[in-house]
Every structure is written in C-alpha cells, then in structure tokens.
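Hi,

Here is the structure I promised to pass on. Have a look at it first, and my notes on what turned up follow below.

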Amino acid sequence: MSNQKMATSREVYNRILWDARLDRHAFTIGYLERTSEVKLRSKPLAEWEANGDIPWHRIRYISCGETIVWDRDRHLDLVSIGQLPAAAWTAQLGEQDLPLIATPFSPKPIYRYGSQGWQPSDELPESVPSSALTIVSFNVLCDTYEQERIQTEKRIPAIASHLRNCDADIIALQEVTRSLLDNLLELDWVRGYFISEPPEASTLERYGLLILSRLPFTLVEHRYSAHKQVLVGTWQINERSLHVAVVHLTSNRGHNAMEKRAVQLNLLLDYLKTQPGDCAIAGDFNTRGDEQQDLLTKSGFVDVWKELHPLEEGYTFDPHRNTLAAIMTISNEAARFDRILLRAADGRWLPRSMEIFACEPIPEAEGTLYASDHFGVRAVLECSMQTTASLRAVRPVYQSAVVVIPPAEVWSAIQAIRRRYDRQIDRWMPHITLIYGFVPEEYFEEAAQAIARSLAVVEPFEITLSGFDTFEHRSSSTAWLRPVTQPERALHQLQAVLQQLFPQCDEQSKKSPAGFTPHLSVGQFKSVQEAIAQLPSWHPISFPVESVALISRRGDEPFEVRYLVPLGKEIKDTALIAGTGESFTQNPKLNSLIQLVSNLEPELSQAQREHRETILSLVAQAIAECLGYQPSLHLVGSARLGVQSPQSDLDVVCLIPTYMSGEQFLLSVRERLSGLCDRSQVVKDARMPALRMQIEGVSVDLLYACTPNDFQLENPKSKIQNRVNDFDPLSWKALVGCLEADAIADTVIPRIPLDSFRVLLRATRAWAKARQIHGNAWGFVGNFSIALLTAWSCANYPQNVEDAGIERLLQHFFQALAEHDWSYPIALTEAGRHYNVRLPRDWMPIVTSIEPCQNSARNVSRSTAEILRREFVRGAEIVERALAGEIGWEMLFESADLKAQSSLFLVLSATIEDSDRSLSACGWLEGRIIGLAINLEQQIDVCVRPWPGIRKDQNKISAILGLELPKDCDRVSWLEANGAVIQLLAQNFVSQFNNSFADSNSIALVSLLCDRQDFGQLYPNL
C-alpha cells in the first residue's frame, strides 16, 4: 500500500454506489459526529446523504461487515486495489469480472500531422486571441450492433462531410471506431487539426471518444470503468484557460444507469472545480428532460440549447424521424441526449448560436439512411474581452427598455388604432418590447457597445404584423398585434441573446409559463369580448428589422430613442445614435463626468468582487494548511482603499511568525495552490519578495511580514510606528503598504466622504493614463503617488464649501497642483511635511506618510516634472471650461498625442521569439529606461519625453523616448553638436542590455534616432 495513491472518501463512496457488482447494503460508514457525546458514529452506506450536512472529511473509515476496507488514519484502501471481502459482491465473480482499479485524471499526449505523418505533438498551448469559438458534438454510432442494417461503410463519408461543413474549432466525437478514425486521418482538412488519439488507435476503446482541435491543447483522461471514460482538453485563449470535457454517459441499457450517470457527472464536476478558468462539457449525456439540471445549475453550468432555444425540444435522438434511431431505441421515445454546457466567469464566453446538423438522410444512399442514429450539435461561443459583468450587477429600472420600433412609414395604421384605444400612446412609440425594465440610462453607452458586439452575428429579419390577439388580466384585457417573423422565431432568438447579456432584466421572459411573447400593444379594454367587438379589421403589414433601440424616459417625459444598435454588423467601438445615422463615441447630451470615469476606470462589479473574494479564500485556505491556523491576511494598495479596477492586481500581506522563513512560506503556499494557478512564481530579487500568481484570470501578489506574537495591525498607527525595530526590513516594507493606505483614508475621511474620494481617485488615475503621464518606471507618477496627490487635495479642500461633488473636487485637485510650489513637499503627515527636499533627486516630492518618509515620485526627472506641471495647468483650464458648460468633460481625458510632443525620437527595439524571454526583456527595459532619459537630459540641453509602456508588435518590443529640442534652435546644428552624444549614450544602454541577455542568441537590442517624418514611416504601428 505504500506506493498506492489512496482514494478519497467520496471516490470510494461513489465507486461502491454505482458499481453494479458491489452490494452497497454490505457497507457501513464511520464518521465523527461533533454534536454527539459519542465521538465516532456509524451509518449504513446506502443511507448516507452525499450532499447532506456531514462533510466528507469527517468520514474516518468504511467497512464491509467486520472488515475495514478504507481507513483514513491507517492510510488503508482495499477498494482501489480490488481486495474486497466476498461479502462485498452481489454474486460470485469470474476472472473477467475482477474490479477495475480507479484511475485519476491522467495526462495523455495529443497528435498532429507533419512531414513524418501523424506524430505526438510537443507544442505547448500558448494563449491565442479569439473572439469566437465553434464547438461540435456528434455521436457517430459504433458498428458493434446491427452491422448489416446501419451500413457504416456508407455512413463514414457522410459523417466526415458533415464535420467538415461544420467548420468547427473543436470537435467532440463519441462512439468512434477504428475504421472511422482511419478514414478521418486520411482527409486533408483533418490534417490541419490536433487529435486526442494516436493514429494506430492503440487506446481507442469500444464506444471511443475523440477530440479534434484546430488549436493546440493539453489533455487528461479519467476512466470510470473498463469501457467508460471522459476526456478533458485545456486550451489557452485570450490569456485564460478553457476546459472542454467530452462525455458519453451511461445509457439506460446499463444497470442503475441514472445513478451511474450521476456519479460520472459528479466526478467530472469535482475535477472541473479544481481547474482555473472557464469550462464546457460536450457529448452524449443519455439523459431526458431535466434529470441532472439541479446538479449542473449548482455547479454554474448553463445548457446552451435551452439558453438560445428555450421553447424548442431540440431532439438529437428521434426514432420517429431517424431510421437508425428507430433501430437502436429501447423506448421509442425522442430525447435531447446530445448537449453542450457552458460555465464562464463574468460572462466572458457567451452562447451566440446553436444548431442541429446531420438531421437529413444521406442523399447518396438508397432509402432513408442517416449519418448516425444521433443528430449532431454545433454551438458558437463568443468571447468578449470587455465582459458585461459590470452591467449584470446593475439593478433594472422601469424608465428604460430595449425594443424593436417599426419604421415610420408603417406607423399610420398602428397609431390610428392606438389613438382610440391606447392610453399609453403619449408615453410609448409603437414598439415590440424585448427587455423591460432595463439598466438606467447612464449605463446606455456601455450597454450599447455590449449589445452591438452580440448582435453582430444576428442577421436582420422580416416581421409581419398579421392580426390581433389579446392578453386577459383579472379585470381588463390588452389588445396587441401579433408579429410573425421570417425566419421563424427570429424575435425569440433576438430576445434570448439580449436576455443573456442582462440576466437580471428578465421580466419579459417570466411573464407567463410560455416565456417571452412578442407583441405590439395597441389598446386596453374591459374584456376580451369588448376588444374583439371594437377593434377594426386589420390588413397585415410587413417591415424589415435591422436594429434594436435603447429607449428611456426622463421624469414625466415620453420615451425617446437614445441609441440604435444594428443587427449583423461588426461595430468595434461605436453604436448608432437615433436620428443621425452617424457613428458616435461620445454624445454630450448623455455624457456625464461620472459616466466617463466609470468607462475609463471602472469599479469592480458585484460578480467580480465575489470572484476575488473566492480567490482570496482559496489563498487563505492554502496558507492555513501551511501555518496550521487561520492566517491574518491584509489587503494592500488599491484593494485596501476600495478602488480596484478589473485590471488591478490583488495584493495581500500575510502575517507569519518570526521563526518562519519567509521564502519557505511562499514556496509552501505555491505548492498547495499549484493545481489552481494558471501560473505562479516566487520572486526573490524584487524590492519585496512575493509569490506572484494568476488564478482564474486575476493576478495575485502574496507578500509576508514576520511579526511578533503580540502584534496587531489594527493597533493605533503611532504604536505600530514605535515598533519598527521589532521587524526585519523586508517585513516592515510589506506592512508599510497597509499603513500607507490607512494613512490616506485617515486623512480623507474627516474632510469628505470616502466614497467621494474613491470616485475622485478613479478620475485622476483615468486622467493620468489618458494623458500618458502614468508610471513610476517612466519618470511619471504611479498609482500610489496619484493616491497621495488626490488625498492631499482632499485634505486641503476648503471647509466652507458645501459642494463636495466630483466636479468641484476635480477642480480643486488641478488648481491646487497647478499653483503648488514644488520646492515644498506634498505630504499627508507632519513627518512627511518635514521631508528635506533636495535636487536633482526631488523634482516633484510626493512624500510617503510612514517614517522613514520617502519621495514616492523619486523617478520624476527635470523633463517629466515639467511635463507633469504643464498637464496640471491644462487640467485646471479644461475643468474651468467644463464647469462653465463651454466644453464636454471628455476633453479632460483626451489621449495625449505623443508624436506631436517631440521633434526627434530615440527608439530602442528588439525582436524576441521566446515569450518568457520577452517578459524578462520588457522588465529589464522598464527598470532602466529612466536612467537613460536622465543621462540624456543631463548631458545635452534637451527635454526627454518617455512614452510609458513597452510597445509590442508581433514578436518585436520597443521602448521610445521623445526628444523636445530647445525653442528656436536649428535642428541640423543641434544634431551636429549633440547627435554623437546621444548615439554614445544609446549604444552604452544597448550594450548593457545585450550583455544581460548574452546567453540568448535570439535577442539583440538596437537603437535608432529619427525625426517625426521618418518615425511615422518606419513605425506606422507605434
């Protein structure tokens, strides 16, 4: 037993429960009962509630009669090695019936076609960008039974043709045979795919599973039994993992089929819960109706077909239609066996379409032969890099809606009836409601962009208002015109897409048991009979639907169209505004400062907050296992101030005992989280050692602080400050991150509400990023320095001014900084205000609050200090004009034209194939570029304008310094005098870089000095 991996209590329970050869009634579970005086209690396994109140870790043993077959404390597991007593079995077993040793989810190779034919692929799946993904699932019917009747030799070409026509990125096949695989591997189009099975089919079982994928992936397999398996492929798409499981669950031909399916699905779901990223499950579920719906819903999966076709049965196994299904059926009932399920955080993957294929007889075959006894399913998922998660957290209101509005030329007949019978005619235009209530108007711009991306794949269609119908209420009746669409149910499909984007706005789909009912209301009556008697005759009217309208009303005003979003058109950054037919990015009537800030520097949505809390709890659990007790965790920086954005890292400090090695602590936590991290690294050579991880798309930095036993971070700051000598330098630096954030909050709260400060800070950050003056590494101001500046302006906000709205706070921020004498520090504490300003180190002293106080903007140079001062003045002027109503607030956040700010450009670029080396190279450049900028401005008379960030174009990286020459100087003469110095400094910098990466032949940095015209021609993408 020493080398045998011990199964968990749940795995053993499931094995006993679903293995038909085992007598579940022969087994007993022993467990700890906390509330009982008798510590250890027992219960028949057959009566155990798998989802009851007793957690699995309290199970101590499982016995069969007098024999202990599984014991947690003794590390005993007779179930997994098949050494159960005779009493465990329902009947005498023959040699061929010996129990199978359960296998974990084990890695498998994948294969691709090359010059030497099909070979194992060693290509690591790097992340690929993708806006959409097509997934196909098809049970292709093995030929074990009824071989003469099912004519497999005729079906194989039809199967291959259907799969090719699907044009899928991922194909999941069930019941694959050796003959089908051999045929597929000979096809040219298949040779563009990776496959999950070796070409000789050495691991292909009866009823085999097969994955074909255009993109490289990694693969694991789990065997439920000798002939039942599940495959799980993992792809890296848009910097995030996507796991696709391929299943063929037990059919009703098997004994205890429903129980076996539940166990199989439970085991898969338990595995997927441990994997970071998003998940899909595709295949033959062999289930009818909602057999597994509760389990799947609880695990966060949605059925793509039901999402997009809520009122359609979608049968994929239909004996009444498919002759092969009629041969294979045991119940003669149609069913939707084949499904695609999706679980995606924050709406990152959204179902866009799903269809059934291979549902017609093979044209070339005689009679009514089908490709398989099942029909296939094909789903298109769209990946939105800008998810609608923030919109999903917005509560709907009844002053807004999404509707279809008939064109003006058909209004007259509709309005003639409404003027007589519809008391809402002055509030609503003629419309067909899709979503009502909807998000408030201030969210319309973001909502329009999200809707435009989704409707790009929805083709325009035609509506015919065919006749009258009625809704009957308790004491009244509503008359409406019935919209009939071509193609059929196009309005239902359109509404389903919108409902997916805004699941909280579900009133229209929940009004009746039948779900969404498209209608165009024309009047209210006392009864149905009165409506029928009074309504005039109606002649059908048809019109095209080419857009949806976002409408809202303000106060008692009627609804008005704010945005029109077209169908079937790709809209990259814009939607359409009603009445103009022109693209827009900002509409002054609708824009507000807060809306602009929310778009540029969004808050975390409720779903994103919950997601980060879940990640934090996973980290806390791993730390607790390392420490042996619940950890003391503390957020740092933006998270501590409550101003995280979706792109922000999650920075956290853990207090650990002084006797513990910090590095060993980080390594231990990393090991425990290894299965949950997309990537992780213990960084030892940083300013503060940290465990840097990415978990489900969120970057997490875990720091540590070795603290005395009696230390409490919640103590008064003065007491903590007095204990600085109790900490090693690295631990104190980690704690200072918490203390500095608390000092900012303590400074702000007495003067303005904390929520107002948070909005202001998001605004100042958005401004700095838009104006390209953000980033310590580039000689400008980072997030922490901006937070200090913002808090300082709030602390000095006039006490006699009652208006502390965002507009006035922003006005004061720019005015105060534009007028500040920078020979004095900006600081929040008395200690900071005593900071000794010294040039050239302190061109812009923005001083920390915790002693020993330091300049947080120490990388600011003479040149960047001047650029920052100009931006403060510009901001103050724009805010004054915006408050006066002369211009819109968007002018404040206008992107800086970096090319126009310089006469010459020094470009440092390198071509790098290796992504890991690319990261290292970018880090090297960011860490040292400001040194080159300072050398240039010190040795020659020039203003150096760094371009924040490393520019990337395919496998090339570039860092750019703009050179602003002195006014009225002759550029040719200036270059003659200074060009050689620039080239020398640049070459020294290049040499340092190349020496640092001398071990890599594929990396070499070069420099180029060029004027504005040459720069534009040589670097059009920059």
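P657 stands opposite T707 in β35. The two strands concerned, β32 and β35, pair in the parallel sense over eight bridges. Before I go on, a word on what you are looking at: this is a predicted model, so local features need pLDDT of at least 70 and side-chain atom pairs count only at pLDDT 80 or more, while totals for chains, interfaces and linings use all residues. Residues are numbered from 1 along each chain as its sequence is written, and side-chain values use heavy atoms, with hydrogens and water left out.

A few terms, so that the names make sense. Helices (H or I, at least four residues) and strands (E, at least two) are DSSP runs, numbered from the N terminus. Two strands pair if DSSP finds at least two bridges between them.

Back to the sheet. It is open and has five strands in the order β31-β32-β35-β34-β33, with mixed pairing. Its edge strands, each pairing on one side only, are β31 (632-635) and β33 (679-683). From one strand to the next the twist averages 25 degrees (axes are lines fitted to C-alpha atoms, for helices over the stretch in contact, and angles run from 0 to 180 degrees between N-to-C directions).

How much of β35 is buried? Nine of its 10 residues are, so to speak, under cover (buried means under 20% relative accessible area, exposed over 50%, partly exposed in between, with a 1.4 Å probe and protein chains only).

**Helices on that sheet**

Helix α18 (residues 662-672) lies across β32 (650-657), β33, β34 and β35 (698-707), at about 145 degrees to β35. Helix α20 (residues 729-748) packs on the sheet too, touching β31, β32 and β35, and its direction makes about 120 degrees with that of β35. Contact here means heavy atoms within 4.5 Å.

α18 has a helix partner as well: helix α16 (residues 606-627) packs with α18 at an angle of about 125 degrees, their axes 9 Å apart. That makes α16 oblique to α18, because angles under 35 degrees count as roughly parallel, over 145 as roughly antiparallel, 65 to 115 as roughly perpendicular and the rest as oblique. The contact involves A622, I623, E625, C626 and L627 of α16, and F665, S668, V669 and R672 of α18.

**The four-stranded sheet**

Another open sheet has four strands in the order β25-β24-β23-β26, paired antiparallel. β25 (520-525) and β26 (541-545) are the edge strands, each pairing on one side only. Neighbouring strands of this sheet are turned by 35 degrees against each other on average, direction ignored. Strand β23 (residues 461-472) is joined to β26 by five bridges, and E462 stands opposite P544 in β26. Helix α10 (residues 411-421) packs on the sheet and touches β23, β24 (477-486), β25 and β26, its direction making about 25 degrees with that of β25. Helix α12 (residues 490-501) lies across β23 and β24 at about 85 degrees to β23.

Helix α22 (residues 783-795) is mostly covered, with 11 of its 13 residues buried. Among the buried ones are I786, L789 and W792. What covers them includes α17 (637-641), α20, α21 (754-770), α23 (806-819) and α25 (862-883). The end C-alpha atoms of α22 are 18 Å apart, which agrees with the 18 Å that its 13 residues should span at 1.5 Å a residue (the expected span is 1.5 Å times one less than the number of residues).

In α23 the buried residues include L809, H812, F813 and F814, and the cover there includes α15 (593-600), α21, α22 and α25.

Finally, is S861 buried or exposed? S861 lies in the loop between α24 (830-833) and α25, and counts as buried because its relative accessibility is 3%. Leaving aside neighbours within four places in sequence, S861 is in contact with G779, W843, I934 and E937.

Cheers
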